[in-house]
Amino acid sequence: MLTRIDHIGIACFDLDRTVEFYRSTYGFEVFHSEVNEEQGVREAMLRINGTDDGGASYLQLLEPVREDSTVAKWLAKNGEGVHHIAFGTADVDADAAEIRGKGVRVLYDEPRKGSMGSRITFLHPKDCGGVLTELVTAATGAHAEH
Ligand code: CMX
Ligand code: CO
């Protein structure tokens, strides 16, 4: 069951500059940052609020680290902006299987590594009304520790 907006993914050319915009404009601080080599991104997670399923909602600021990463390709075509949304679930395997059964393309056979030790998969934007949609199961304790 999908129980929260886990994050909104925002693609940018310059992560440090974008982090500074969100800090100086809204007062949001970086909760966690990492490089995800597999996804080809450097990212900053800004924790916005806790959620009633015990999780939290974040902004995920994304800068490509490789020319051939999906985010680099997207930025070249679209420029900076909202890249994807992510729903949180306690069981990404079960939800991905259920959604696949409804005829929506799930991009990975098995969930992969996401932010803060989470497990993630994606639904094809062409099957979701033009919205690239991620499903996330957070690592235990990820919203409190980082
Ligand atoms: N949102 C909406 N539509 C998108 C999209 C996005 N983020 N990315 C691509 N599309 C659309 C394109 O506009 C294009 O549509 P048209 O054919 O109408 O022009 C179509 O999907 C195909 O796009 P493409 O540019 O040819 O890109 P690919 O097919 O090579 O890749 C996708 C698209 C979704 C399979 C790829 O981006 C992917 O695997 N995404 C999942 C992984 C990811 O995004 N990782 C980065 C974030 C990591 C994280 O969140 O932790
Ligand atoms: Co994401």
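Q: Which helix gives the most to the shell around ligand 1?
A: Helices (H or I, at least four residues) and strands (E, at least two) are DSSP runs, numbered from the N terminus. Helix 2 gives the most to the shell around ligand 1, with 5 residues. Strand 4, helix 2 (70-78), strand 5 (81-89) and strand 7 each supply at least two residues of this shell. A residue is near a molecule or strand if its C-beta atom, placed from the backbone, lies within 6 Å of it. The residues that surround ligand 1 number 24, and the closest are Gln39, Thr70, Phe122, Pro125 and Leu132.

Q: What kind of model is this, and how are residues and chains labelled?
A: This is a predicted model, in which local features need pLDDT of at least 70 and side-chain atom pairs count only at pLDDT 80 or more, while totals for chains, interfaces and linings use all residues. Residues are numbered from 1 along each chain as its sequence is written, and chains are lettered from A and ligands numbered from 1 in the order in which they are written.

Q: How many helices and strands does the chain have?
A: There are 3 helices and 8 strands. Along the sequence they follow the pattern β-α-β-β-β-α-β-α-β-β-β.

Q: In what order do the strands lie in the sheet?
A: Two strands pair if DSSP finds at least two bridges between them. Here an open sheet of 8 strands has the order 2-3-4-1-5-8-7-6, with mixed pairing. Strand 2 (30-36) and strand 6 are the edge strands, each pairing on one side only.

Q: Do the pairs run parallel or antiparallel, as with strand 1 and strand 4?
A: Strand 1 (residues 2-11) and strand 4 run parallel, joined by 5 bridges. In strand 4, Gly9 has Gln60 as its bridge partner, and Ile8 has Leu59. Strand 1 and strand 5 run antiparallel, with 8 bridges; His7 stands opposite Ala86 in strand 5. Strand 3 and strand 4 are also joined, by 9 bridges, and run antiparallel. Asn49 stands opposite Ser57 in strand 4. The hairpin of strand 3 and strand 4 has 5 residues between the strands, and Gly54 in this hairpin takes a positive phi near 90°.

Q: Where else is phi positive in a residue other than glycine?
A: Most residues other than glycine have a negative phi. Phi of Met116 is near 55°, a positive value. Met116 is found in the loop between strand 6 (112-113) and strand 7 (119-123).

Q: Which residues touch the most other members of the largest nonpolar core?
A: A nonpolar core is a set of buried Ala, Val, Leu, Ile, Met, Phe, Trp, Tyr and Cys residues joined through C-beta atoms within 7 Å. Of the 13 residues in the largest one, Ala44, Leu46, Tyr58, Leu61 and Leu62 touch the most other members. Strand 3 (41-50) and strand 4 (56-64) are the elements that give two or more residues to this core. Strand 4 gives the most, with 5 residues. Apart from this core lies another, of 11 residues, among them Ala86, Val106, Ile120 and Ala138.

Q: What is Leu46 in contact with?
A: Two residues are in contact if their C-beta atoms, placed from the backbone, lie within 7 Å. Leaving aside neighbours within four places in sequence, the contacts of Leu46 include Tyr22, Phe28, Val30 and Tyr58.

Q: What span should helix 1 have?
A: The expected span of a helix is 1.5 Å times one less than its number of residues. The 12 residues of helix 1 (residues 15-26) should therefore span 16 Å, and its end C-alpha atoms are 16 Å apart, which agrees.

How values were computed. Buried ≥ 20, exposed ≤ 12 C-beta atoms within 10 Å, placed from the backbone.
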